[in-house]
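Please look through the sequence and the model shown here. The paragraphs after it go through selected parts one by one.

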Amino acid sequence: QVQLAESGGGLVQVGDSLRLSCVASGRTVSSITMGWFRQTPGKEREFVAAISWSTDDTYYGDSVKGRFTISRDNAKNTVWLHMNSIQPEDTAVYYCAADLTGDYYFSLRDFRSWGQGTRVTVSA
């Protein structure tokens, strides 16, 4: 069992920076692969970023490469998403997710534990 709590969302303007946090309970983030997804009405959930438990390798969706950075703080059992050069298309509800399979293969289908989400709204 793992519980995920996102926070840090809010109203920002184009070009701003924002940092989202995901605090995990029940499991340590150092032993599980953690990820971020986002979703807007009428669209499927989109992969944003992930960090591997076994290698610390990071993965990013094409739309955020070079702008967003995922990191992990084991002492605080927290995963961060640093958002830079925010654009209007980044408006969405951002969800923290966990892969509890414990395997060595990175697959988006393995993310089955989700937080409640935190909303990011980018003003034009």
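The model is a predicted one, and in it the phi of Ser85 is near 50°, a positive value in a residue other than glycine. Most residues other than glycine have a negative phi.

Asp56 is another residue with a positive phi, about 65°, although it is not a glycine. Its place is the loop between strand E5 (46-51) and strand E6 (58-60). With a relative accessibility of 45%, Asp56 counts as partly exposed.

A further loop residue is Ser30, located between E3 and E4. Ser30 has 33% relative accessibility, so it counts as partly exposed. Apart from neighbours within four places in sequence, Ser30 is in contact with Trp53, Arg72 and Asn74. Val79 is 49 residues from Ser30 along the chain, and the C-alpha atoms of the two are separated by 9.7 Å.

The next topic is the sheet. Strands of a sheet pair through backbone hydrogen bonds, either parallel or antiparallel. Here four strands form an open sheet in the order E1-E3-E8-E7, and the pairing is antiparallel. At the edges are strand E1 (3-7) and strand E7 (68-73), each of which pairs on one side only. From one strand to the next, the twist averages 20°. E1 and strand E3 (residues 18-25) run antiparallel and are joined by five bridges. For Leu4, the bridge partner in E3 is Ala24.

The aromatic residues come next. Across the whole structure, a search finds seven aromatic pairs. One of them joins Phe37 and Phe111: the ring centres are 5.4 Å apart and the planes stand at 70°, so the pair is edge-to-face. This pair links distant parts of the chain, with Phe37 in strand E4 (residues 33-39) and Phe111 in strand E10 (residues 111-114), 74 residues apart. Phe37 and Phe111 are both buried. Phe111 also forms an edge-to-face pair with Phe106, at 6.1 Å centre to centre and with 75° between the planes.

Are Phe106 and Phe111 buried or partly exposed? Phe111 counts as buried because its relative accessibility is 4%, and the limit for buried is under 20%. Phe106 has a relative accessible area of 24%, so it is partly exposed.

Arg19 lies over the face of Trp80, at 4.6 Å from the ring centre. Arg45 is placed over the face of Tyr95, and its distance from the ring centre is 4.2 Å.

The last topic is the confidence of the prediction. The protein averages a pLDDT of 94, and 100% of the residues score at least 70. Where is confidence lowest, and where is it highest? It is lowest in E10, with a mean of 95, and highest in strand E2 (residues 10-13), at 98. E10 is also the strand that holds Phe111.

Conventions:
Residues numbered from 1 in each chain as written. Predicted model: local features only at pLDDT ≥ 70, side-chain atom pairs only at ≥ 80, totals over all residues. Heavy atoms only, no water. Pairing = 2+ DSSP bridges. Helix = DSSP H or I, 4+ residues; strand = E, 2+ residues; numbered from the N terminus. Axes fitted to C-alpha atoms, helices over the stretch in contact; angles between N-to-C directions. Phe/Tyr/Trp six-rings, centres within 6.5 Å; stacked < 30°, edge-to-face > 60°. Buried < 20%, exposed > 50% of the residue type's maximum accessible area, 1.4 Å probe, protein only. Lys NZ or Arg CZ within 6 Å of the ring centre and 35° of its normal. pLDDT = per-residue confidence, 0-100. Contact = heavy atoms within 4.5 Å.
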